[in-house]
Amino acid sequence: MQLIKEVKYLIGKELLLEWRSKYALNGVVLYVVSTVFVCFLSFVSLKGITWNALFWIIMLFASINAVSKSFLQESKGRQLYIYTIASPLALIISKTIYNIFLMLLLTLIALGFYTLVFDYVPEDMGLYLVATILGSLSFSTIFTMISAIASKAGNGGMLMAILSFPVIIPVITLLIKLSKNAIDGLDRSVSLDEIGILLIINVLVAVFALMLFPYLWRD
């Protein structure tokens, strides 16, 4: 019960800070909208594989901008304050949950604007939505943990890029394959393997985060 109370308090703190500054939401929405508009001016029309690849490129960099601030922008004083009022498990759980909801919101906004601008809808929009939700979940869990690790180093931004590369590439590969199946309108049973692997990756990352973060936070 104490853990749940701490998680609720920390999520409320994140929402309050975001409401006051609106840094992540406004900044990433502006990035997504401007990038999509520039791509529209450059290509005018996109369909199929190119449309899919460009969407995931945009969402990858948007997720890095949105999630990396989880720990990298926390001041030493705020970290010390959180250390005195909450457990490490509560902190990593609350950060991950908040980033998941943030990425889901940003992804849905980006997908809606993207389909509207290019006037293109995948054959199986339902499966494509599943792919975007799994993508948001994967980006949130992976980048939250890597942000926590990178925040303990001197050059956090560079370290985050180095650590995230070998983890995010297999995820991106699976997401592109899954979303391509949705674009081609293939039977959903064909995509079960990709969905299962993505869920397993998210569970493994979450378990490792829960196991390792208390030792990392103690440093």
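This is a predicted model: local features need pLDDT of at least 70, side-chain atom pairs count only at pLDDT 80 or more; totals for chains, interfaces and linings use all residues.
A residue is taken as partly exposed when its relative accessible area lies between the buried limit, under 20%, and the exposed limit, over 50%. Salt bridges were assigned within it, and the count comes to three.

Arg188 lies in the loop between α8 (156-184) and α9 (192-218), and Asp124 in the loop between α6 (88-118) and α7 (125-151), so the pair ties together parts that are 64 residues apart in sequence. Arg188 has 49% relative accessibility and therefore counts as partly exposed. Asp124, at 12%, counts as buried.

Glu194 and Lys177 form another salt bridge, with 3.3 Å between the closest N and O atoms. This pair links distant parts of the chain: Lys177 belongs to helix α8 and Glu194 to helix α9, 17 residues apart. Glu194 has a relative accessible area of 7%, and so is buried. Lys177 is partly exposed, because its relative accessibility is 47%.

A further salt bridge brings together the side chains of Asp184 and Lys180, at 2.7 Å from N to O. Both residues are in helix α8. They are four residues apart, so about one helical turn separates them. Asp184 is partly exposed, at 40% relative accessibility. Lys180 is partly exposed as well, with a relative accessible area of 32%.

Key:
Residues are numbered from 1 along each chain as its sequence is written. Side-chain values use heavy atoms; hydrogens and water are left out. A salt bridge is a side-chain nitrogen of Lys or Arg within 4 Å of a carboxyl oxygen of Asp or Glu. Helices (H or I, at least four residues) and strands (E, at least two) are DSSP runs, numbered from the N terminus. Buried means under 20% relative accessible area, exposed over 50%, partly exposed in between (1.4 Å probe, protein chains only).
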